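Here are my notes for your first look at this model. Keep the structure open and check each point as you read.

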Amino acid sequence: MPMYEYQCKSCMREFEELVFGDERPVCPHCHSANTEKLVSRPCACRREGGTPGEFGASASGGGCSGCSGGSCASCGH
């Protein structure tokens, strides 16, 4: 199930929402339906044992060490 980033055009806050199909979420802060999907930021995770500037999945096969094997969106890296 895809998690997308949105920005509310009424209060300008950003939020993440689990959406299905063409559903447009309501802002959790001001409850406006005037929201816009944002382009997701790329995930740049340092490899375990890698050098600074070397990016990719960790040796354990998941995201970076801060992601606990999940997506980097969950840890902010």
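This is a predicted model: local features need pLDDT of at least 70, side-chain atom pairs count only at pLDDT 80 or more; totals for chains, interfaces and linings use all residues.

1. Start with a definition. A disulfide is a pair of cysteine sulfur atoms within 2.5 Å.

2. How far is the sulfur of C11 from the closest cysteine sulfur? The distance is 3.7 Å, and the partner is C27, so the pair is too far apart for a bond. The structure holds zero disulfides.

3. C11 counts as partly exposed, because its relative accessibility is 30%. C30 is partly exposed as well, with a relative accessible area of 33%.

4. Next, the overall layout. The chain has three strands and zero helices. Along the sequence, the pattern reads β-β-β. Of the 77 residues in the chain, 25% are buried.

5. Which residues form the largest nonpolar core? There are five: Y6, C8, F15, V19 and C27. In soluble globular proteins, nonpolar side chains tend to be buried together. Take V19 from this core. Leaving aside neighbours within four places in sequence, V19 is in contact with P2, Y4, Y6 and P25.

6. Is P25 buried or exposed? P25 counts as buried, because its relative accessibility is 4%. Beyond its neighbours within four places in sequence, P25 is in contact with several residues, including Y6, F15, V19 and T35. K37 is 12 residues from P25 in sequence, and the two C-alpha atoms are 9.3 Å apart in space.

7. Follow P25 to T35. T35 is found in strand β3. The side chain of T35 reaches the backbone oxygen of P25 at 3.0 Å. T35 is buried, with a relative accessible area of 2%. Apart from neighbours within four places in sequence, its contacts include Y6, C8, F15 and C27. Those residues are also listed in the largest nonpolar core.

8. Take the contacts with a separation of 6 or more: residues 24 or more positions apart account for 25% of them.

Definitions and conventions:
Residues are numbered from 1 along each chain as its sequence is written. Side-chain values use heavy atoms; hydrogens and water are left out. A nonpolar core is a set of buried Ala, Val, Leu, Ile, Met, Phe, Trp, Tyr and Cys residues joined through side-chain atoms within 4.5 Å. Buried means under 20% relative accessible area, exposed over 50%, partly exposed in between (1.4 Å probe, protein chains only). Contact means heavy atoms within 4.5 Å. Helices (H or I, at least four residues) and strands (E, at least two) are DSSP runs, numbered from the N terminus. A polar contact is a pair of N or O atoms within 3.5 Å; within protein, one must be able to donate a hydrogen and the other to accept it, and residues adjacent in sequence count only if both atoms are side-chain atoms.
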